[in-house]
Amino acid sequence: MIRIISALLIGVAALVPAGAGAAGPIRLADDAPDSHVVVSGDTLWGISGKFLREPWRWPDVWRLNREEIRNPHLIYPGQVVVLDRNGPTLKLGKRIGGPQDRPLYEKRFPQVYSDPARNAIQSIPLRAILPFLSEPLIVDEADDIRAGIVVATQEGRVFTSPGDTIFATRINPEISNWNIYRKASPLKDPLTGELLGFEAAYLGQARVSAQAGVLAPDAGGETETTREGAPIPASLIVTSFKQEIGKGDRLLPAGPSDLPSYVPHAPEQELTGRVVSIYNGVGGAGRHNVVAISVGKRDQVEVGHVLALHRNRGETIYREDNVGPAQRYKLPEHRYGLVFVFRVFERVAYALVMESDGPAAVSDSVRKP
């Protein structure tokens, strides 16, 4: 796919204001190199971290406009990132000679690159979140009402596996691929108790093999649409399997499984939410673990947003010399990490813990950094 990167290379066009979404000037890492040769496996976050103390402030040093932040397929293995310490700014250069440890570079001018999108450098480690791009499902009541329902399995089997057939109603004939899920625990705001949705248990995927109400012609050349007045459900072939699939399980259209390579950036608006769950129910989430947070599309959260984690330290009661009146104190929150939002639902989002000096826990706050 053709990728035009002129705006990135010459650092012009509509600029993200310096320091947008962040307090204070941009600080270079203590051992920031003069350049970095991009290799396979690099990420936007990782490359930025070589130059900056705050890797998520990538857009500031690249002088990207808003559209480039949201579609930055611009950097590929073999290219060279060069640091201009006067800005500071980062630009792309081209190797023209010299030993590997001390390369020489020339300035790159606007041009067009033709590279497969799959070779572009991703924002964060894709392997850490790949299962979460399609597997976890946040389901609300409206989703549940319109979801397909498994009414039978092949030959009444209790267990299913890839290649088996399941039968379901409420299957849209225009959609081929479906996620199969079982509605699990409700997600509630830790402070308000608001029901944000249900974190559904992902069971697998299936592909439609025959639409509802249609059977193959019989020996007499006729087509049945009902048998003894009963409707005929759609037939689906199980294509992937993670847990047992049975009657009453639900189906929703399978979405795309690729990660839009958004540049890490802070929200433009003030934003406050809470960690509502740690994926897989573990007690705390460390670096490269996934958390669900209580903000989503309705709060203008988008893929690529970076939010700061703040630990809730609770309250304490102190009575001076054990004789005076008891005084209640609310302890200040402690900022201890950053998360990167990679999947957004209406009222909930999934985020990957990128930096942390302690485990994230339910009820901890997430805010604009």
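Modeller: Two residues are in contact when they have heavy atoms within 4.5 Å. Among contacts in the protein chain between residues at least 6 apart in sequence, 72% join residues at least 24 apart.

Colleague: What kind of model is this, and what limits apply to its local features and side-chain atom pairs?

Modeller: The model is predicted: local features need pLDDT of at least 70 and side-chain atom pairs count only at pLDDT 80 or more, while totals for chains, interfaces and linings use all residues. Residues are numbered from 1 along each chain as its sequence is written, and side-chain values use heavy atoms, with hydrogens and water left out.

Colleague: What makes T153 buried or exposed?

Modeller: T153 is at 8% relative accessibility and therefore counts as buried. T153 lies in strand β8 (residues 148-153). Leaving aside neighbours within four places in sequence, T153 is in contact with T160, T165, I166, F167, I245 and G246. Of the 369 residues of the chain, 44% count as buried.

Colleague: How many helices and strands does the chain have?

Modeller: The chain comes to 6 helices and 24 strands. Both are DSSP runs numbered from the N terminus: helices are H or I of at least four residues, strands E of at least two.

Colleague: Why are the buried residues of α2 said to line one face or several?

Modeller: In helix α2 (residues 44-51) the buried residues are L44, W45, I47, S48 and F51. Seen down the axis of α2, they fall within an arc of 165 degrees, so they line one face of the helix. The arc is that of the directions from the helix axis to the C-beta atoms.

Colleague: How do you know which strands pair with β15?

Modeller: Two strands pair if DSSP finds at least two bridges between them. Strand β9 (residues 165-169) is joined to β15 (residues 234-241) by 4 bridges, antiparallel, and I166 has L236 as its bridge partner in β15. Strand β12 (residues 195-210) and β15 pair in the antiparallel sense over 6 bridges, with A206 opposite V238.

Colleague: What pairs with β17?

Modeller: β17 (residues 272-278) pairs antiparallel with β24 (residues 365-367) over 3 bridges, where G273 stands opposite V366. Another 3 bridges join β17 to β18, again antiparallel, and V275 stands opposite I293 there. In β17, 6 of its 7 residues are buried.

Colleague: What makes a set of residues a nonpolar core?

Modeller: The members are buried Ala, Val, Leu, Ile, Met, Phe, Trp, Tyr and Cys residues joined through side-chain atoms within 4.5 Å. The largest such core has 25 residues, and W45, I129, V290, F340, F342, Y350 and L352 touch the most other members. Elements giving two or more residues to this core are α5 (126-129), β18 (290-293), β19 (306-311), β22 (334-344) and β23 (349-356). Apart from it lies another core, of 20 residues, among them L271, A285, V301 and V339.

Definitions and conventions. Buried means under 20% relative accessible area, exposed over 50%, partly exposed in between (1.4 Å probe, protein chains only).
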